[in-house]
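Hello,

Here is the structure I promised to pass on to you. Have a look at it first, and then read on for my notes on what turned up.

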Amino acid sequence: MKAQLVLRNARLLQHQGPVDIVVRNGLIEEIGPGIRCDAVDDEDLEGKFVFPGFVDSHIHLDKACILDRCSICAGTLEEAVRETAKAKAGFSEDDVFARASSVVRQAILHGTNRMRTFVEIDPRAGMRSFEAIKRVRDRFAFAIDIQICAFAQEGLTQEPETEAMLDLALSSGADLVGGCPYTDPDPQAHVARIFALARKHDVDVDFHLDFSLDPSRTDLPAVIEATRAHGYAGRVTIGHVTNLSALEPQARAVIGRTLAEAGIALTVLPATDLFLMGRGQAFNVPRGIAPAHLLAADGVATAIASNNILNPFTPLGDAALVRMANLYANVMQLGRDAEIDQVFDMVSRNPAEIMRIVYGLRVGGPADMVVLDADDPRSAVRTSALALGGWKAGRKTFSRPRARLFDDPASGLEG
Ligand SMILES: [Zn+2]
């Protein structure tokens with residue numbers, strides 16, 4: 001019987017030369033050079049790099065693409081929260097569905113096939129955004145697995161309705177819970193209540209944390225303490241933590257080792273952190289991104305993610321993680337091969353580990369694959385390589401033809 005699919009001349013991380021990949025019943029059946037096999041679909045990848053796909057561990061689908069209804073003057077975090085809160089009150093379920101769908105389409109076309117989205121649930125958003133994102137999760141399940149994080153963006157202790165709504169969401173399809181202590185009048189109680197919800201529903205936790213350049217203002221000790229107290233090592237992620245960028249190396253290393261020991265992962269969001277941080281300075285503006293690669297050296301699980309697309313937090317973006325990796329490497333002044341390899345891991349295998357997803361191309365495993373217009377991950381990051389095609393369970397989910405140059409025939413050259 002014919003195989004479902006064979007990809008020929010694919011370059012994989014763990015193999016020296018190009019190999020063929022045979023897929024049957026959605027699973028990888030064989031990997032090796034020059035496999036003789038008949039398949040329904042037979043594709044030559046011409047030596048391009050194939051991997052399991054990009055993983056976006058932190059994105060906000062519900063509030064993407066709202067620049068037309070927000071004004072950006074100061075470009076600060078406070079303004080972004082305020083402007084988005086105003087817009088959010090007017091979100092309808094269909095509106096969220098349409099905007100989120102457009103971002104998910106872009107993400108898929110850029111080679112992302114797993115994502116964790118935050119969804120704000122509070123008296124202004126009601127359950128509308130949550131209902132819309134559940135529809136998005138189902139609509140695009142053919143190409144991407146979406147985790148939904150029920151998220152308290154605007155505090156909890158001063159607005160008890162939010163807690164009941166998060167509880168309801170966790171009983172009706174949310175995968176994990178997220179908090180944001182810095183917008184709560186009582187950050188410590190906020191952390192405690194988010195953990196209480198997580199324990200009640202036995203789900204993971206993801207916090208937006210310490211989003212400033214002032215290391216003395218920190219909610220990190222409360223998160224570390226609660227992680228230990230609840231035995232939640234490996235189940236807690238913190239995002240932004242931009243104040244780590246303002247610490248001298250020794251103090252930062254102490255925090256790195258503490259995070260690693262506590263089993264708390266870190267996601268940095270370069271596009272947002274760069275846009276919002278350092279607004280008080282007219283020149284020599286700080287980068288304001290936590291140096292995730294240095295914290296990784298202390299043993300912290302680290303990822304780079306998109307966060308926001310076209311809203312007051314990040315008025316730029318296309319949901320391309322390879323571009324985020326390239327941006328991070330550039331801003332952090334990384335150039336050596338090993339550093340670039342590490343950055344690629346931070347948009348692929350690391351976020352998969354943080355999201356506790358089985359990841360990797362192996363015989364017997366799912367045929368979830370993406371081919372990039374590059375020979376290897378290193379050159380993919382260096383050139384922001386385009387994704388040329390993707391498969392989920394062996395079924396093709398997208399393709400992008402390579403661009404062609406139509407040369408002047410008088411030059412005597414072709415291609
Ligand atoms: Zn975020």
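Before the notes, one term: a salt bridge here is a side-chain nitrogen of Lys or Arg within 4 Å of a carboxyl oxygen of Asp or Glu. Please also keep in mind that this is a predicted model.

Another of them joins the side chains of D373 and K48, at 3.2 Å from N to O. That pair links distant parts of the chain, 325 residues apart: D373 sits in the loop between β14 and α13, and K48 in the loop between β4 (39-44) and β5.

Now for the overall picture. The chain has 13 helices and 16 strands, and its C-alpha trace spans about 65 × 45 × 45 Å along the principal axes. A compact globule of 415 residues would have a radius of gyration near 22 Å, so the chain's own 22 Å agrees with that.

What does the interface look like? On the side of domain 1, 20 residues are in contact with 25 residues of domain 2. Together the two domains bury about 1900 Å² between them, and 58% of this is on carbon and sulfur atoms. In domain 1, the residues that lose the most area to domain 2 are R378, V381 and K392, which together account for 32% of what that side buries.

On the domain 1 side, β5 (49-51), β14 (369-372), α13 (377-383), β15 (387-392) and β16 (395-399) each supply at least two of the residues that touch domain 2. The most come from α13, which gives six residues. By residue type, this side of domain 1 divides into 12 nonpolar, three polar and five charged residues.

Note on methods. Residues numbered from 1 in each chain as written. Predicted model: local features only at pLDDT ≥ 70, side-chain atom pairs only at ≥ 80, totals over all residues. Heavy atoms only, no water. Contact = heavy atoms within 4.5 Å. Buried area = accessible area lost by both parts, 1.4 Å probe. Helix = DSSP H or I, 4+ residues; strand = E, 2+ residues; numbered from the N terminus. Nonpolar A, V, L, I, M, F, W, Y, C, P; charged D, E, K, R; others polar. Rg over C-alpha atoms; globule rule 2.2 N^0.38 Å.
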